[in-house]
Amino acid sequence: MDQLIQAMKAAGEPTRMRLLLVLNRSELTVSELCRILGQSQPRVSRHLKLLCDAGLLVRQAEGTSAYYRHARSPFADRFLADLLDLTEGDHEAVARDRQELASVRAARAELAARSFEKVAQEADLLAEHRVPVADVEAAMLAAVGDLEINRLLDVGTGTGRVLELFAPRIQAGMGLELSREMLNLARTQLDAADLNHCSVRYGNAYNLDVPVGSVSLAVLHHVLHFLDEPGRAIAQAARAVEASGRLIIVDFGPHHIEELRTDHGHRRLGFSEEEVHQWCLAADLLEVDCTHLELPTDPPGLTISMWVATQRPDAPKVPNLEVA
């Protein structure tokens, strides 16, 4: 009852109602929210703090900025869903907010386009050497099978494509990424797809800062080849997976395309099936299965390997925990 009353008091004010409505469509910084609402930073910040204190919003620091979005807890989900249903309409201020939000998204998309050029260059290099991306994604979805995915963690999310892929199957998804350029690109992609139950934030594969046993599925998709210590990243991701949950690792098999190291920052030119298997076992994971996908060419192109490991059934499990 106390939580409900606090939430009703926090939401029951015009500016805070507008904040909740606009943040239903995108996660935004204080400066972006000030631009959208046409109000000063101190005033907007005070309103945001009240909404965070009431458990309706979450603040995620990212360098010198902070992003705000709807909280994802059972209470917040239900409260905000009912509230947003009641506030749908053509109110003049809300319509203006939506126009300004469109301008903010357009500016983000302009920056994201530059980052996408870098991604496209690597994709062009790999296109003739590797199996189609669609085949790899189909294999990833098949590997999940009938696993109930409450929360997904995508480590090294890049463009946010893994979140998009699994979005229809999950209740909430979070992507972690070190590159601020890629974070902007991922947010733009998620906004364009209206995937409000997915978010991204700054994060390090070696120190995920995610509660133990808090996700049903963790994914390391073409991340390990950028790292000096792949085994350490696997251990961190495994730690976040709940009892009987799964970890999916997708990466290249051993290859000799030196250009990927010199021009695209790859630290490792692929991995053998056995070394990733051993890292998974060292992380106390069970039932490590590996599948190889490759082009039927002579000589064969790049092999894409996918390892699927299961967390121990006696591992910690945290029910109804929000993924911040």
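Predicted model: local features only at pLDDT ≥ 70, side-chain atom pairs only at ≥ 80, totals over all residues.
Local features were considered at pLDDT of at least 70 and side-chain atom pairs at pLDDT 80 or more, whereas totals for chains, interfaces and linings use all residues. Residues are numbered from 1 along each chain as its sequence is written, and side-chain values use heavy atoms, with hydrogens and water left out.

Helices and strands are DSSP runs numbered from the N terminus (helices H or I, at least four residues; strands E, at least two). Helix α2, residues 14-23, is mostly covered, with eight of its ten residues buried (buried, under 20% relative accessible area; exposed, over 50%; partly exposed, in between; 1.4 Å probe, protein chains only). Among the buried residues are R16, R18 and L19. The N-terminal end of α2 is capped by E13, a side-chain oxygen of which lies 2.8 Å from the backbone nitrogen of T15.

The whole structure contains 13 salt bridges, defined as a side-chain nitrogen of Lys or Arg within 4 Å of a carboxyl oxygen of Asp or Glu. In one of them, R96 pairs with E92 at 3.1 Å between the closest N and O atoms. These residues are four apart in helix α6 (residues 92-127), and are therefore separated by about one helical turn. R96 is partly exposed at 41%, whereas E92 is exposed at 58%.

E137 and R161 form a salt bridge with closest N and O atoms 2.8 Å apart. Because E137 lies in helix α7 (residues 133-144) and R161 in helix α8 (residues 161-166), the pair ties together parts 24 residues apart in sequence. E137 is buried at 13%; R161 is partly exposed at 35%.

Technical notes: Polar contact = N/O pair within 3.5 Å; in protein donor to acceptor, adjacent residues only side chain to side chain.
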